[in-house]
Amino acid sequence: MNPRPLMFFGTTNLDLCFNVERLPTPGESLMGKLNRNPGGKGANQAVAAARLGLKPLFYTRLGEDEAGQSLLQSLREAGVRAEAITICAGEVSGSALVLVGDDGSNMIVIDPGANLNVTPAMVESAAAFIAPGAVVVAEMGLPISALNRLFEMKSEKGFELIFNPAPVRPGLSPAAWRQVDYVIPNQTEAFELTGVEVTDFDSAAAAASKLLHLGPKAALITLGAQGAFYADAAHSFALRAFPVKVVDTTAAGDAFNGSFAASLAQGLPLRDSVRRALAVAALCVTRRGAQASMPLAGEVDEFLKSQTILELE
């Protein structure tokens, strides 16, 4: 069975990643090692899906600069289809400063660059690449006006919509929220959207209930090392995370989202899609970098086979 078409809308950044012994306190200087890696939430999610064997389309804006050329090449090499990507003369590509401690914790500051200038008209033009019945994934790094327009087009284009509300910002219209099929925040984002502090599966259930009142058909909250909680109007379930040695948590959420979207496009059952997304995120955090940490489909299959044996034992 052929997978459904899959398209991502989101940001692309050049990550300036400093590996440090621990994260600094205000006013403190630390020594670290600098690596330059392709990143950006939308790009990371698209690469995650591509490395799992799909051929996702991606819409983003890149500057006409050296960083933009490098980021575009990296996306293509990962297997992401780039027909909808726009190269913008006179603009600089997005960038992010990432600090990663030895315990895997991180701090991130983003300069959106060309990502900031996405307009509703640009998104409308890019939506011409959305095939009927596609799975579409959007994240909140794009301007809110552009997201509102994308979500408005759901009915006429006939796609299924996954929304990663990060970084959380106000302004998404009530009508746009009602177009969302799956909203996937982490604990912090769920708190910012609902006011419910998510610390375990019980509090995740309370936050999910409030998220559903915003309009989405389903809420899927990630809880880091604890796992994930799913809820819709009819049922809910929680799945625990796979225990692994954490090296870098930078793109764990993007790995989860890209995998979940890929599994839906492939027609996997919902619970299996969440479990596979947890496995992809687990493998991701055992490696450094964002896109470089995304596992291949075969690696995920082998990991899940070993976990199934452990679960049976």
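The structure, a predicted model, holds 1 cavity of 30 Å³ or more. Here a cavity is a set of points, on a 1 Å grid over the protein atoms alone, where a 1.4 Å probe fits but cannot get out. About 40 Å³ of space lies in the largest cavity, a volume being the space filled by probe spheres set on the points, which are joined across faces, edges and corners. Its lining residues, those with an atom within 4 Å of a point, are D15, C17, N37, V98, D248, T250, G289 and A290. By class, 3 are nonpolar, 3 polar and 2 charged.

Let's turn to the strands and a helix, which are DSSP runs numbered from the N terminus (helices: H or I, at least four residues; strands: E, at least two). Strands β7 and β8 pair in the antiparallel sense over 6 bridges; pairing requires at least two bridges found by DSSP. One of these bridges joins A96 to I110 in β8. The two strands form a hairpin with 5 residues between them.

Helix α1 is mostly covered, with 9 of its 11 residues buried, meaning under 20% relative accessible area (1.4 Å probe, protein chains only). Among the buried residues of α1 are N44, Q45 and V47.

| Residue | Place | Phi |

A word on reading the model: residues are numbered from 1 along each chain as its sequence is written, and side-chain values use heavy atoms, leaving out hydrogens and water. Local features need pLDDT of at least 70 and side-chain atom pairs count only at pLDDT 80 or more, while totals for chains, interfaces and linings use all residues.

Note on methods. On a 1 Å grid over the protein atoms alone, a cavity is a set of points where a 1.4 Å probe fits but cannot get out, and a pocket is an open set with protein on both sides within 12 Å along at least five of seven lines; lining residues have an atom within 4 Å of a point. Ala, Val, Leu, Ile, Met, Phe, Trp, Tyr, Cys and Pro count as nonpolar, Asp, Glu, Lys and Arg as charged, and the others, Gly among them, as polar. Buried means under 20% relative accessible area, exposed over 50%, partly exposed in between (1.4 Å probe, protein chains only).
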